[in-house]
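I've got a new protein to look through today. My plan is to jot down what I look up as I go.

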Amino acid sequence: MTDTTGTLDEALQRLHSSGPERLGRLTNHAPMAVEALAARGRAGAVHRWLDLYAPKLEEFPARVEPVTDADWRAALGDPRRAADWIDYFVRRVADASDQARPWREVLAEWWPRLLPGMYGGSTHPVIRVGHAVRTLEAGDVTEPRLAELAHGLGYWAARHRTVTGVALLPGAVAAADALDAVPPIADRAEGGFPARLGRVEALPVWAVSVDEPEEARRALTELVRAATHRYATHGHGEATMLVHAATAPNAVLRALPALPRVLWVPSLRAAWTASAAVTAMYAPDAAVAYVAPGAPGAPGALRAEEVFERALAHGDEHVIKLTDTALDVGDEKALAAALRAVELSEPLV
């Protein structure tokens, strides 16, 4: 649903004076959450939600020196250069403003450069870009929405981190079975995302025979569905971080229509590795049977819109984003996963 109220643009303008992170490493989720609210027809709740989230925002970071076309490689993956990277992409979008579909050209140029490093920032940068692309694809191409894409790409470049040296294990045909085959890392008791990512040593292969764009899109859709369903039975392993096993590949899926088709297959590969790595880092030892109160198929079943209202009332940004992805999937198991996130997560207030 396109937001025609101007509320999303107002919220993005309000947020662009804040940095992409807080406390040195935690992500500013507000741009993603407000886009989800607007996309789901809840623009009227955007500023109320943002007022609750505002204490978590920090000022825009200091600039170091401009990133240029000649030296960008030296700045790639340097979080100290976040402001420089955002400035760079704001300029790139502005420089192309007289061309047809300028933001797509910038995205197509930088997507293959950034895709191998989608694991930096706990996958939040690619998720932010996915939200920005969705709103540009669905509605008016306004200055705040273009700036949001620039902020997302800049954050991704600053937090760019690759994954190397991962051994390949036998996989499975179905995405759900392949996720079940992911071996856990050696120590899941401590360490944040970067430390745990460094302990991912082996992952199963999946969808290796896919070599056509439409096949890649279908496989990516299957992966998003499987990871979303899996949250209902495995989210208790780590309620917040396991959300990204679904929302990161869904961000990639949302970006596909704006990308050249030649990039769809490598996008699938990166999305699988990200989802599998998050699973390895945070999944519990065992699944639990789960039927959410009011879940579809149960007495008093909730409609999709009602599930989203529960997520909004809860307020946690990860709950809102997982529910947004669950509505993309659209089936009963996905909505049950969203309700599970409501139960497992701490409310915003």
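**Entry 1: the overall layout.** First reminder to myself: this is a predicted model. I looked up how the chain is divided and got domain 1 (7-159) and domain 2 (163-348). Going by C-alpha atoms, the centres of domain 1 and domain 2 are 22 Å apart.

**Entry 2: the interface.** How many residues of domain 1 are in contact with domain 2? I found 32 on the side of domain 1, meeting 34 residues of domain 2. Together the two domains bury about 2900 Å² between them, and 73% of that is on carbon and sulfur atoms. On the side of domain 1, I noted that R40, W111 and Y119 lose the most area to domain 2, together 24% of what that side buries.

**Entry 3: charges and polar pairs.** Next I checked for salt bridges between domain 1 and domain 2, and the count is five. I also looked at R42, which forms a salt bridge with E309, with the closest N and O atoms 2.5 Å apart. For polar contacts across the interface of the two domains, I got nine residue pairs.

**Entry 4: who supplies the interface.** Which elements give two or more residues to the side of domain 1 that touches domain 2? My list reads α2 (30-39), α3 (46-53), α6 (102-114) and α7 (124-138). Of these, α7 gives the most, with eight residues. Sorting that side of domain 1 by class, I wrote down 20 nonpolar, six polar and six charged residues.

**Entry 5: a look at α2.** Is α2 mostly covered or mostly open? It's mostly covered: 10 of its 10 residues are buried. Among the buried ones I spotted M32, V34, L37 and even E35. After α2 comes G41, and its phi is positive, near 80°.

**Entry 6: T162.** I finished with T162, which is in the loop between α8 (143-158) and β3 (167-169).

Notes
Residues are numbered from 1 along each chain as its sequence is written. This is a predicted model: local features need pLDDT of at least 70, side-chain atom pairs count only at pLDDT 80 or more; totals for chains, interfaces and linings use all residues. Side-chain values use heavy atoms; hydrogens and water are left out. Domain bounds come from an automatic or database domain assignment. Contact means heavy atoms within 4.5 Å. Buried area is the accessible area (1.4 Å probe) that two parts lose on being put together, summed over both. A salt bridge is a side-chain nitrogen of Lys or Arg within 4 Å of a carboxyl oxygen of Asp or Glu. A polar contact is a pair of N or O atoms within 3.5 Å; within protein, one must be able to donate a hydrogen and the other to accept it, and residues adjacent in sequence count only if both atoms are side-chain atoms. Helices (H or I, at least four residues) and strands (E, at least two) are DSSP runs, numbered from the N terminus. Ala, Val, Leu, Ile, Met, Phe, Trp, Tyr, Cys and Pro count as nonpolar, Asp, Glu, Lys and Arg as charged, and the others, Gly among them, as polar. Buried means under 20% relative accessible area, exposed over 50%, partly exposed in between (1.4 Å probe, protein chains only).
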